[in-house]
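Try each task before reading its solution.

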Amino acid sequence: MRNKLAFSDITEKHNKRKHELIEEIEKLRSIGDNESNDRADFLRGQLLTENKQFKHISAVFVEAEGGSADSD
């Protein structure tokens with residue numbers, strides 16, 4: 001039960017962070033200058049990294065709970 005609550009908290013924080021990054025990327029892209037585009041590219045890389053890390057954490061959690069992490 002405690003693991004499910006912790007995972008729920010991690011999921012909520014990940015989704016919030018993902019949403020914030022996407023909004024910031026869109027805002028920077030709308031500015032359109034080189035500096036903003038470079039920053040948006042950096043944030044996009046960060047978003048991809050965080051998504052990969054979350055996918056890994058999710059797989060570990062599912063396996064720990066006795067399920068199969070092979071959802072692909």
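A residue counts as buried when its relative accessible area is under 20%, as exposed when that area is over 50%, and as partly exposed in between. Keep in mind that this is a predicted model.

**Exercise 1. Decide whether F7 and F61 are buried or exposed.**

Solution. Start with F7: its relative accessible area is 18%. The limit for buried is under 20%, so F7 is buried. Now take F61, which has a relative accessibility of 18% and therefore counts as buried.

**Exercise 2. Find the aromatic pairs and say how their rings are arranged.**

Solution. The structure holds two aromatic pairs. In one of them, F7 and F54 are stacked, with 6.1 Å from centre to centre and 10° between the planes. This pair links distant parts of the chain, since F7 belongs to helix α1 (residues 2-31) and F54 to helix α2 (residues 34-64), 47 residues apart. Both F7 and F54 are buried.

Next, look at F7 with F61. Ring centres within 6.5 Å make a pair, and planes under 30 degrees apart make it stacked. The centres of F7 and F61 are 4.3 Å apart and the planes lie at 5°, so this pair is stacked. Putting the steps together, F7, F54 and F61 form one aromatic cluster.

**Exercise 3. Which residues make up the largest nonpolar core, and which elements give two or more residues to it?**

Solution. The core has six residues: L21, I25, L28, A40, L43 and L47. Helices α1 and α2 are the elements that give two or more residues to this core. As background, nonpolar side chains in soluble globular proteins tend to be buried together.

**Exercise 4. Describe helix α2 and its buried residues.**

Solution. Begin with the span: α2 has 31 residues and reaches 45 Å from its first C-alpha to its last, close to the 45 Å expected at 1.5 Å a residue. Then list the buried residues, which are S36, A40, L43, L47, F54, S58 and F61. These buried residues pack against α1.

S36 is worth a stop. At a relative accessible area of 8%, S36 is buried. Its side chain makes a polar contact of 2.6 Å with the side chain of D33. Not counting residues up to four places away in sequence, S36 touches L28 and I31. To finish, step just past α2, where G66 takes a positive phi of about 95°.

**Exercise 5. How many salt bridges does the whole structure hold, and how is the one between D9 and K13 placed?**

Solution. A search of the whole structure gives five salt bridges. In the bridge between D9 and K13, the closest N and O atoms are 3.3 Å apart. D9 and K13 are four residues apart in helix α1, so about one helical turn separates them. D9 is partly exposed at 36% relative accessibility, while K13 is exposed at 55%.

Another of the bridges joins the side chains of E20 and K16, at 3.7 Å from N to O. E20 and K16 also lie in helix α1, four residues apart, about one turn of the helix.

Key
Residues are numbered from 1 along each chain as its sequence is written. This is a predicted model: local features need pLDDT of at least 70, side-chain atom pairs count only at pLDDT 80 or more; totals for chains, interfaces and linings use all residues. Side-chain values use heavy atoms; hydrogens and water are left out. Rings of Phe, Tyr and Trp (its six-membered ring) pair if their centres lie within 6.5 Å; planes under 30 degrees apart count as stacked, over 60 as edge-to-face and the rest as tilted. Buried means under 20% relative accessible area, exposed over 50%, partly exposed in between (1.4 Å probe, protein chains only). A nonpolar core is a set of buried Ala, Val, Leu, Ile, Met, Phe, Trp, Tyr and Cys residues joined through side-chain atoms within 4.5 Å. A polar contact is a pair of N or O atoms within 3.5 Å; within protein, one must be able to donate a hydrogen and the other to accept it, and residues adjacent in sequence count only if both atoms are side-chain atoms. Contact means heavy atoms within 4.5 Å. The expected span of a helix is 1.5 Å times one less than its number of residues. A salt bridge is a side-chain nitrogen of Lys or Arg within 4 Å of a carboxyl oxygen of Asp or Glu.
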